[in-house]
Amino acid sequence: MEPPSPGGIASAGSTHKFHPCDEAVIATNDDASDCKRCAVRLGYWKDDYIGYFVRNQERKAPEINRGYFARVKGVEMCVEKFLKKTSGNCQIINLGCGFDTLYFRLRDTAHQVKNFIELDFPTVTARKCYTIKRNKALLARIHDEDGEVRLSPTDLHGPSYHLMGVDLRNLDEVDSKLQQAEVDYSLPTIFLAECVLVYIEAQNCRNLLKWIAQKFQAAVFVNYEQVNMNDRFGDVMLNNLRGRGCSLAGVESCLSLETQRNRFKDSGWTGARAWDMVQVYESISAAERQRIERLEMLDEGELLLQLFQHYCLVVAWLGVTFQDIDITVEELMSSLNID
């Protein structure tokens with residue numbers, strides 16, 4: 001079963017008490033990173049940087065690899081449309097970033113952004129900072145001739161890249177960290193979250209989404225996580241996660257595509273759309289799907305279908321500028337190095 005990905009929620013040293021399931025949520029970063037590393041090694045998409053963060057060589061089931069392909073492709077289709085609309089005059093804020101490598105891959109493309117901010121548990125960002133610090137190929141992407149790179153055990157600041165440990169439940173702390181990252185609340189901003197909000201208690205999640213809606217003038221939120229969790233397959237997924245110590249505190253928003261959309265609309269966002277991963281996968285060009293389907297034989301198509309039906313992609317927006325960002329595939333393949 002496809003494991004969830006990192007969620008940046010709390011830290012032992014933050015003003016909020018350390019939650020009992022936070023350790024288990026932190027461990028999901030390693031699961032997701034291992035899965036992405038496996039899929040990349042098999043040729044599902046191109047990522048020259050994930051290997052710096054993950055050494056694991058364990059092979060995952062074909063359903064997992066195909067699921068991660070759809071997830072990465074779906075998120076990046078939305079990112080690319082946002083970048084084209086803003087011509088790079090924008091910010092990216094990656095919530096619960098884990099070992100995601102999007103910043104480094106973007107640096108190898110024509111797409112450039114004014115500011116790229118990543119937030120997660122301090123224990124996760126500490127490991128990411130350490131890996132970046134000891135690998136010249138990563139540092140070289142952050143450093144430029146005009147600016148220095150500043151490092152602390154959990155935070156890293158470059159000219160246009162900021163990685164920081166923070167508790168997303170503490171909005172004063174989030175605000176303080178974003179100011180350290182020289183955030184511009186008036187600049188078009190895209191928020192990314194992959195299996196993050198589901199780990200945050202409903203009220204704290206509403207507070208976070210309302211706060212973003214009040215602070216930012218023009219924004220998009222791309223959210224990937226569970227859906228249709230009120231059926232038998234969803235129960236099995238929930239029990240598996242509980243067995244690993246993860247209680248899905250925000251699962252009430254994961255009951256349907258409608259509850260996923262309403263989570264944003266009820267928090268002051270102008271609008272939201274949602275698709276299950278069956279729809280996302282079908283929006284990928286036929287040529288690209290055929291390419292990856294030749295990489296591995298799928299013994300049990302039913303399991304992949306069930307996984308796709310229990311994960312979704314949500315796009316929410318503030319204002320009207322970005323209301324047409326969706327997953328309808330364009331003729332041109334993605335230029336974000338996942339072709």
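Predicted model: local features only at pLDDT ≥ 70, side-chain atom pairs only at ≥ 80, totals over all residues.
What does D47 touch, leaving aside residues up to four places away in sequence? Its contacts are V40, T101 and R105. With T101, the link is a polar contact of 2.6 Å between the two side chains. A polar atom of the D47 side chain also lies 2.8 Å from the backbone nitrogen of Y49. For a sense of scale, F221 is 174 residues from D47 in sequence, and their C-alpha atoms are 23 Å apart in space.

Let's move on to helix 3 and T86. Helix 3 covers residues 62-86, and T86 belongs to it. The helix is mostly covered, with 22 of its 25 residues buried. Its length also checks out: at 1.5 Å a residue, 25 residues should span 36 Å, and the end C-alpha atoms are 36 Å apart, so the two values agree. After helix 3 comes S87, which has a positive phi, near 50°.

Is T86 buried or exposed? It is buried, because its relative accessibility is 11% and the cut-off is under 20%. The T86 side chain reaches the backbone oxygen of F82 at 3.0 Å. Setting aside residues up to four places away in sequence, T86 touches P188 and F322.

Here are the polar distances described above, side by side:

| From | To | Distance |
|---|---|---|
| D47 side chain | T101 side chain | 2.6 Å |
| D47 side chain | Y49 backbone nitrogen | 2.8 Å |
| T86 side chain | F82 backbone oxygen | 3.0 Å |

Which strands pair with strand 5? Strand 2 (residues 115-120) pairs with strand 5 in the parallel sense over 5 bridges, and in this pairing I117 stands opposite H162. Strand 4 (residues 156-157) runs antiparallel to strand 5 and is joined to it by 2 bridges. Here L156 stands opposite L163. A hairpin through 3 residues connects strand 4 to strand 5.

Terms used:
Residues numbered from 1 in each chain as written. Heavy atoms only, no water. Helix = DSSP H or I, 4+ residues; strand = E, 2+ residues; numbered from the N terminus. Buried < 20%, exposed > 50% of the residue type's maximum accessible area, 1.4 Å probe, protein only. Polar contact = N/O pair within 3.5 Å; in protein donor to acceptor, adjacent residues only side chain to side chain. Contact = heavy atoms within 4.5 Å. Expected span 1.5 Å × (residues − 1). Pairing = 2+ DSSP bridges.
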